[in-house]
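Welcome! Take a moment to look over the sequence and the model, and then we can walk through a few places together.

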Amino acid sequence: MKIAIIGAGIAGTSAASLLIDQGHSVDIFEKSRGLGGRLTTKRLDWAHIDTGAQYFTARDPRFIQQVEQWQTAKAAELWEFEPFSIQNNKLVRSSDNTKRYVGTPRMNSIIHDVAKNLDITLSTRISQVNLEHFQSGQVKWRLIDEANKEYHGYDWLISSAPIEQTQHLLDASPSNLTTVSQQLPRNAHLPCWAIALATKGKIHDEIQGIFGDETISWVSRQSTKPQRTLLGDYHDCWLVHFSSQWSAQHHKDTSQNLPQIALNWLNTYLLPFRENAGQALKCEYSYQHFWLYAKLRDERSALAPIIEPDLNIAIIGDWCFSGRVEGSYLSAAHLADFLSK
């Protein structure tokens, strides 16, 4: 079969790889200039920043096997550290037995490993999808991008784009796709502000990851992740994720000085962990990115991908199987299993 996939994140690239192994022909269309989705890495002069997912976990046997393959390919590595958390306005150890992995040397390295033999068209936003019916009973999918270029003759259409974008695409189609669109969860994601800070001021090595509070939900010390290197004259690089609630209140057009808020937060809680007592962290560089579709609103959800064999369309992504990187991969594997029957 000839299959079109929208989105080159972990779900889209994994689905393509699995389907090609089954003998199908697959084309992927990605609106961005690079691969990764929320596993993207921003290349700056002073750092390569993982702005989205900071690590991933593996619980399902099938995904564990995939992670082991990434480790063998040197595309992923175990990030061994003891997390901290905020309790009673203090930073304390928050020990757990969770195994956390990161892509190496960048988070999107696992995407590049999966995608190395795939046919991916970058910087191409699909703006319309049409289902064409023929007298023979056959159905074919035709895709149109923002430049009105057409791609046609596809037996199946798979969307791995953020589910909100997929809903818009289906609702705007001249084909009657309401039976599919109505199955998708509405407002599935919450937003997140991501702030990267390069700082001067030495902090004890034990601080690598912090579970935060109602303002900042998570902090990664990027410079302590496996195979990360500093690209400037500073001591550390941090990635700060503001909480979904805070990010929703201070949306993309906020006038707040987010790097300063993040720096103040770090200085407040890292005071006991500074090598030089009383010396505040100083920001040398900063970068900020607003994720409109970040955290899954209901992380207890165990929704399976939407697969409509009568229309030859499937919707996969990180909204499936309780979200996260593992959920994205499993949604692709679930679809590949279905199409192999």
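How many residues does helix α7 have, and how far does α7 reach from its first C-alpha to its last? Helix α7 covers residues 258-270, which makes 13 residues, and reaches 18 Å, close to the 18 Å expected at 1.5 Å a residue. Helices here are DSSP runs of H or I with at least four residues, strands are runs of E with at least two, and both are numbered from the N terminus. This is a predicted model, where local features need pLDDT of at least 70 and side-chain atom pairs count only at pLDDT 80 or more, while totals for chains, interfaces and linings use all residues. Residues are numbered from 1 along each chain as its sequence is written, and side-chain values use heavy atoms, leaving out hydrogens and water.

Among the buried residues of α7 are Leu263, Trp265 and Tyr269. Buried means under 20% relative accessible area, exposed over 50%, and partly exposed in between (1.4 Å probe, protein chains only).

Now turn to arginine 100, in the loop between β7 (90-93) and β8 (101-103). Arginine 100 counts as buried because its relative accessibility is 3%. Not counting residues up to four places away in sequence, arginine 100 touches several residues (heavy atoms within 4.5 Å), including Tyr55, Trp79 and Phe211.

How values were computed:
The expected span of a helix is 1.5 Å times one less than its number of residues.
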